[in-house]
Amino acid sequence: MEKGPFSVEWLAQSSCGGAREMPGSPDGSSPQTPPSAPTESPRDREAAERRSPGHEAGRSRTKFSAAQLQELERSFREQRYIGAGEKRRLAAVLNLSQSQIKTWFQNRRMKFKRQTQDAR
């Protein structure tokens with residue numbers, strides 16, 4: 001299958017190998033085919049198929065310890081929206097990043113919202 005101009009493969013090839021004529025150019029030349037990609041294992045393919053479109057492979061899911069959850073829940077009971085100072089304090093005490101603390105609070109607020117809506 002010929003890769004069109006500006007496809008990932010075409011751009012990668014053109015950036016490595018110098019300037020290339022675009023397909024359909026006046027001289028009739030077609031771009032060189034990119035080198036074959038490394039083969040994926042069936043396990044990698046299955047994992048990629050399970051992912052939703054546009055999902056990037058990133059940080060794996062954090063498994064919070066019981067002590068971390070207890071402290072996060074205690075803080076959440078006091079205040080549902082965390083301030084910058086409390087976020088920094090929790091991150092230091094629990095050995096988590098501020099981003100993980102922020103995300104936990106966002107997810108916990110959504111869980112709280114679902115629980116209160118289900119109770120109606």
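Reader: How many salt bridges does the count come to?

Author: This is a predicted model, and the rule for its salt bridges requires a side-chain nitrogen of Lys or Arg within 4 Å of a carboxyl oxygen of Asp or Glu. Side chains of opposite charge can pair when their charged atoms come close. Under this rule, the count of salt bridges is five.

Reader: What separates glutamate 71 and arginine 74 along helix H3?

Author: These two side chains form a salt bridge, with 2.6 Å between the closest N and O atoms. Arginine 74 is partly exposed, because its relative accessible area is 27%. Since glutamate 71 and arginine 74 are three residues apart in helix H3, the separation is about one helical turn.

Reader: Which parts of the chain does the pair of glutamate 71 and arginine 89 tie together, and how many residues apart in sequence are they?

Author: The side chains of glutamate 71 and arginine 89 meet in a salt bridge at 3.1 Å, N to O. Glutamate 71 belongs to helix H3 and arginine 89 to helix H4 (residues 84-94), so the pair ties together parts whose separation in sequence is 18 residues.

Reader: Is arginine 89 buried, partly exposed or exposed?

Author: The class of partly exposed lies between the buried limit, under 20% relative accessible area, and the exposed limit, over 50%. The relative accessibility of arginine 89 is 33%, so this residue counts as partly exposed.

Reader: Is glutamate 78 buried or exposed?

Author: Glutamate 78 forms a salt bridge with arginine 74, and the closest N and O atoms are 2.4 Å apart. Both residues lie in helix H3, four residues apart, which corresponds to about one turn of the helix. With a relative accessible area of 60%, glutamate 78 is therefore exposed.

Reader: Which residues are linked in a network of salt bridges?

Author: Arginine 74 pairs with glutamate 71, and arginine 74 also pairs with glutamate 78. Glutamate 71 in turn meets arginine 89. The network consists of Glu71, Arg74, Glu78, Glu86 and Arg89.

Reader: At roughly what angle do the axes of helix H3 and helix H5 cross?

Author: Two packed helices are described by the angle between their axes and the distance between the axes. H3 passes H5 in a right-handed crossing. On the H3 side the contact involves Leu69, Leu72, Glu73, Ser75 and Phe76, and on the H5 side Ile101, Trp104, Phe105, Arg108, Arg109 and Phe112. The axes of helix H3 (residues 66-78) and helix H5 (residues 98-118) come within 11 Å, and the crossing angle is roughly 65°.

Reader: How do the residues of the contact of H3 with H5 divide into nonpolar, polar and charged?

Author: Among the contributors from H3 are Leu69 and Glu73, while those from H5 include Trp104 and Arg108. The division for this contact is seven nonpolar, one polar and three charged.

Reader: Is H4 roughly parallel or roughly perpendicular to H5?

Author: The axes of H4 and H5 come within 8 Å and cross at roughly 110°. Angles from 65 to 115 degrees count as roughly perpendicular. H4 is therefore, relative to H5, roughly perpendicular.

Reader: How do the residues of the contact of H4 with H5 divide by class?

Author: H4 passes H5 in a right-handed crossing. The residues that make the contact are Lys87, Arg88, Leu90, Ala91 and Leu94 from H4, together with Gln98, Ile101, Lys102 and Phe105 from H5. They divide into five nonpolar, one polar and three charged.

Reader: Is alanine 91 buried or exposed?

Author: Alanine 91 is found in helix H4. Beyond its neighbours within four places in sequence, alanine 91 is in contact with Leu96, Ser97, Gln98 and Ile101. Its relative accessible area is 10%, so alanine 91 is buried.

Reader: With which residues is serine 75 in contact, leaving aside its neighbours within four places in sequence?

Author: Serine 75 is found in helix H3. This residue is buried, because its relative accessible area is 4%. Leaving aside neighbours within four places in sequence, the contacts of serine 75 are Glu86, Leu90 and Phe105.

How values were computed: Residues numbered from 1 in each chain as written. Predicted model: local features only at pLDDT ≥ 70, side-chain atom pairs only at ≥ 80, totals over all residues. Heavy atoms only, no water. Axes fitted to C-alpha atoms, helices over the stretch in contact; angles between N-to-C directions. Helix = DSSP H or I, 4+ residues; strand = E, 2+ residues; numbered from the N terminus. Left-handed = near helix turned anticlockwise from the far one by under 90°. Contact = heavy atoms within 4.5 Å. Nonpolar A, V, L, I, M, F, W, Y, C, P; charged D, E, K, R; others polar. Buried < 20%, exposed > 50% of the residue type's maximum accessible area, 1.4 Å probe, protein only. Parallel < 35°, antiparallel > 145°, perpendicular 65-115°, else oblique.
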